[in-house]
Amino acid sequence: MDQALSFIQPTGHVTLGNYIGALSHWKPTPGSVFGVCDLHAITVERPPEALHAGIMEVLSVLVALDLHTNGSLVFLQSGVPAHAEMAWLLECVAHMGELSRMTQFKAKGRGNDAVSVGFFAYPVLMAADILLYDAATVPVGEDQKQHVELTRDLALRANNRYGDIFTVPDPVIPTVGARIMSLRTPTDKMSKSTDDPDGTVLLLEPADKIRKKFLSAVTDSDNEVVYDPEHKPGISNLLEIAAALSGEDRDAWAQRHRTSGYGAFKRAVAEVVVESTAPVRQRANDLLAHPDALLAVAKSGQESAARRANPKVARLKQAMGFPTA
Ligand code: AQP
């Protein structure tokens, strides 16, 4: 199986969307790298306690999923200085113009004097995250494609100037996976940084709370369980969730619950969610009670990650003209 390079931001509590769309597909194959990209979480102001708690929670989930086993590693990006150093070197290769055209910056940063320099420059940090590990392919959603294109441009420009340093990665857009929506506003994506706590199911929250959120999920006024994202976004979202976690396709779910009433359908979906996520929830919550052990896993991952990343930084620095001791 291929080596994976996957990162997740500690920007809030891990959601069911993160689990279904990403984490549940991540496997510890030899040589794979799984990072908590915590440096990305400070481009907007965040209370230190919230950052700390977010990092520990994401780390606990990665370790609960055993992603640090079988020759693959789990680490904190902030624990491997090569990421920040490579980002600086590449910032001196990147152009203001290309960063100004990044969608996120255009949407949320441009014209706002108080936006952080980090918010402007974070796509270069992302390029560094990828280029440090010689990833040949990067699986990304359509919305992240622009970042991989920037990464390619920076790699090609640096290779042109300084020699053959970087593998130029190709974006791979996975065949459409489930995009889980908020249970309260099923037209919006379920996200970590949400202001809609009732619509966002958290991976580590108590089972009863999860059940309650499903029972109050927004549906519609008719009472038929049918997959129709345009006219029945709430029901369709529940069918996506049930199908993703049960392994049984959404038509089979719809067929079985077509006339059972929304209440019974929601209860059934809640049970699948609670049961299928119970092992990771239990393990992650247990691990969170032993932060030192969790950080020891990250430390060991960081040592391995640094062994892979440092030579790449050294090679670029030398090619740029920095003397080596
Ligand atoms: N609702 C979702 N449905 C399916 N997949 C999802 N992912 C996130 N939300 C959903 C996937 O989870 C991974 C985590 O990526 P990330 O932490 O780098 O950031 P993100 O995509 O921006 O995730 P969030 O939860 O929406 O965080 P915030 O609120 O900080 O922006 C990715 O693979 C993503 O596709």
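I count two residues as in contact when heavy atoms lie within 4.5 Å. The model I am reading is predicted.

**Entry 1: Phe322 and the chain end**

I started with Phe322. I find Phe322 in the segment after α12. Which residues does Phe322 touch, leaving out those up to four places away in sequence? I get Leu89 and Lys317. Phe322 has a relative accessible area of 43%. Buried needs under 20% and exposed needs over 50%, so Phe322 is partly exposed.

**Entry 2: Tyr162**

I moved on to Tyr162, which sits in helix α7, residues 145-162. I looked up its contacts, again not counting residues up to four places away in sequence. The list is Val93, Leu316, Ala319 and Met320. How far apart are Tyr162 and Ala319, in sequence and in space? I noted 157 residues along the sequence and 5.5 Å from C-alpha to C-alpha. The relative accessible area of Tyr162 is 24%, so I log Tyr162 as partly exposed.

**Entry 3: Helix α2**

I checked the length of α2. This helix has 17 residues, which at 1.5 Å a residue should span 24 Å. I find its end C-alpha atoms 24 Å apart, so the span agrees with the expectation.

Then I asked how many residues of α2 are buried. The count is 12 of the 17, so α2 is largely enclosed by the rest of the structure. Among the buried residues I noted Leu51, Gly54, Ile55, Met56 and Glu57. Val58, Leu59, Ser60 and Val61 are also on the list of buried residues.

What covers the buried residues of α2? The cover includes three strands: β1 (5-8), β2 (33-36) and β3. It also includes the helices α11 (262-288) and α12 (291-320).

**Entry 4: Positive phi**

Most residues other than glycine have a negative phi. I therefore looked up the exceptions, with that general rule in mind.

Asp66 follows α2 and has a positive phi, near 65 degrees. I place Asp66 in the loop between α2 (48-64) and β3 (73-76). Its relative accessibility is 31%, so Asp66 counts as partly exposed.

Asp134 also has a positive phi, near 55 degrees. I place Asp134 in the loop between α6 (117-131) and β4 (137-139). Is Asp134 buried, exposed or partly exposed? With a relative accessible area of 36%, Asp134 is partly exposed.

**Entry 5: The whole chain**

I then stepped back to the totals. I count 12 helices and 5 strands in the chain. For 325 residues, a compact globule would have a radius of gyration near 20 Å. The chain has 21 Å, so I note agreement with the globule rule. Along the principal axes, the C-alpha atoms fill a box of roughly 70 × 45 × 40 Å.

What share of the 325 residues is buried? I wrote down 46%. I also looked at contacts with a separation of 6 or more, where residues 24 or more positions apart account for 73%.

The accessible surface comes to about 16000 Å². Carbon and sulfur atoms hold 53% of that surface.

Last, I looked up charges. The chain carries 32 positive and 38 negative charges. How far apart are their mean positions? I get 2 Å.

Conventions
Residues are numbered from 1 along each chain as its sequence is written. This is a predicted model: local features need pLDDT of at least 70, side-chain atom pairs count only at pLDDT 80 or more; totals for chains, interfaces and linings use all residues. Side-chain values use heavy atoms; hydrogens and water are left out. Helices (H or I, at least four residues) and strands (E, at least two) are DSSP runs, numbered from the N terminus. The radius of gyration is taken over C-alpha atoms; the globule rule is 2.2 Å times the number of residues to the power 0.38. Buried means under 20% relative accessible area, exposed over 50%, partly exposed in between (1.4 Å probe, protein chains only). Accessible areas come from the Shrake-Rupley method with a 1.4 Å probe; for residues, only the protein chains shown count as cover. Lys and Arg count as positive and Asp and Glu as negative; His and the chain ends are not counted. The place of a charge is taken as NZ of Lys, CZ of Arg, CG of Asp or CD of Glu. The expected span of a helix is 1.5 Å times one less than its number of residues.
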